[in-house]
Amino acid sequence: MLLRRHPPEAVKHAAAQAGWPAAGSPILVAVSGGLDSTTLLALLAGIDRHPLHVAHVDHGMRPDSAADARHVEALASSMGRPCTVLHLTSPPRGETAAREARYEALSKLASTMGISAIALGHHADDQAETLLLRMVRGTAPDGLAGMGIVGEGPGGVRLLRPLLPCTRSALASWYRDQGLPPPLEDPTNFDPGHTPRNFIRLQLAPLLGQLQPRWVEAFGRLADRAREDREALAAWAETAYVDLCVDGSRAPVAAGLAGLPPAVQRRVLQRWQPEWDTARTEQVIGWLAAGSPGHLHLKGGVLAVRDGRLALMASSAETLVPCRLCLTPTPGGPSMPEGHSPPDLRVC
């Protein structure tokens, strides 16, 4: 993804990406009425490759939200595009809840209308802010991949972000040159304490700009490289998983898995047990690295090696009864009969 693209060029570039809907396929365009989404609508209408349906989500989080909806309806009408206003049943609490509710509402509307793609107005500054937030929260390397021009949303709908190569200032400059009506401004956007993104935008971004004037573009390059690494590791892990699951088994061979780099091990384990959280995955990687025989107690199960493969079995340890593998009583549990051993298990 090349940064500092002129907005019309960025949209044409995005439309040539893998996964972008074929010409003539309808697109649902999410429009809040602000600069970013209004620019997106105008640009998509300008290339005229897709039937566009405008969607506006009224979160009900501000007293004047109904006026915003009327503004978007009038904007869509002026461009000759149909518009649907979605009203949430109850106002979300916080930025994250609002985003999740908005995506869910948009995805349901797209599914109802038989539309497979939703266009969103995210740009390069949004990408940089997303990476900063994830870093502060301690993201894994995959989190540095940020958002892609084409991604997957709730229910399998495609999310299109053609403006990702454009900075906010580039969008504002193009918008002014078009003579379009003034976009809406959410007054909460000027309160640095309202959301973490506001804090980054209003207080942290100016400081980063003093250190590196083109820091937004630098973060964009970071996301691009991280996405490439993620895709390469995912492909490696998928091949490794298939190779390690011999004779039709879903469970990987333990010795072969232990010989892989930890970054690939993580992905193989997540492929095998997608419901595992990070803590369980890291616990297994450490166990494999130690090379010790026996088994491992995990939340929700016991992991052992059986016939050379990893084997996950139900654990009774969480209910404070004896471990059936090592025969060691857990706190509060009675002793097992001497000599008792579960069948067909290789234990320490």
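Contact, throughout this tour, means heavy atoms within 4.5 Å. Helices (H or I, at least four residues) and strands (E, at least two) are DSSP runs, numbered from the N terminus. This is a predicted model: local features need pLDDT of at least 70, side-chain atom pairs count only at pLDDT 80 or more, and totals for chains, interfaces and linings use all residues. Residues are numbered from 1 along each chain as its sequence is written, and side-chain values use heavy atoms, with hydrogens and water left out.

**Whole chain**

Select everything. The protein has 11 helices and nine strands. Of its 348 residues, 43% count as buried (under 20% relative accessible area; exposed is over 50%, partly exposed in between; 1.4 Å probe, protein chains only). Take the contacts between residues at least 6 apart in sequence: 62% of them join residues at least 24 apart.

**Stop 1: the six-stranded sheet**

Show the strands S1 to S6. They form an open sheet in the order S3-S2-S1-S4-S6-S5, with mixed pairing. Two strands pair if DSSP finds at least two bridges between them. Color S3 (83-87) and S5 (150-152): these are the edge strands, and each pairs on one side only. On average, neighbouring strands of this sheet are turned by 30° against each other, direction ignored.

Now select S2 (residues 52-58) together with S3. Five bridges pair them in the parallel sense. Pick Ala55: its bridge partner in S3 is Thr84.

H3 lies across S2 and S3 and runs at about 175° to S2. For such angles, axes are lines fitted to C-alpha atoms, for helices over the stretch in contact, and angles run from 0 to 180 degrees between N-to-C directions.

**Stop 2: H5 against H7**

Select H5 (residues 124-136) and H7 (residues 196-211). Their axes come within 11 Å and cross at roughly 100°. H5 and H7 are therefore roughly perpendicular to each other. The classes are: under 35 degrees roughly parallel, over 145 roughly antiparallel, 65 to 115 roughly perpendicular, the rest oblique.

Show side chains. Asp126, Glu129, Thr130, Leu132 and Leu133 of H5 meet Pro196, Arg197, Ile200, Arg201, Leu204 and Leu208 of H7. By class, this contact of H5 with H7 has six nonpolar, one polar and four charged residues. Nonpolar covers Ala, Val, Leu, Ile, Met, Phe, Trp, Tyr, Cys and Pro; charged covers Asp, Glu, Lys and Arg; the others, Gly among them, are polar.

**Stop 3: Pro252**

Center on Pro252. Where does Pro252 sit? The place is the loop between helix H8 (215-244) and helix H9 (254-258). Pro252 is buried, with a relative accessible area of 0%.

Not counting residues up to four places away in sequence, Pro252 touches Leu244, Cys245, Leu257, Val268, Trp272, Arg309 and Leu310. Draw a C-alpha distance from Pro252 to Leu310: they are 6.1 Å apart in space and 58 residues apart in sequence.

**Stop 4: H10 against H11**

Select H10 (residues 262-272) and H11 (residues 278-290). The axes come within 10 Å and cross at roughly 125°. H10 and H11 are therefore oblique to each other.

Which residues of H10 meet H11? Pro262, Gln265, Arg266, Leu269 and Gln270 do, against Thr281, Glu282, Val284, Ile285 and Leu288 in H11. The contact of H10 with H11 divides into five nonpolar, three polar and two charged residues.

**Stop 5**

Zoom in on S7 and S8. Four bridges join these antiparallel strands. His295 stands opposite Ala304 in S8. Two residues lie between the strands of this hairpin, where Gly300 takes a positive phi near 90°.

Finish with S8 (residues 301-306) and S9. Five bridges join this antiparallel pair. Leu303 has Leu312 as its bridge partner in S9, and Arg306 has Arg309. The hairpin of S8 and S9 also has two residues between the strands; here Asp307 takes a positive phi near 55°.
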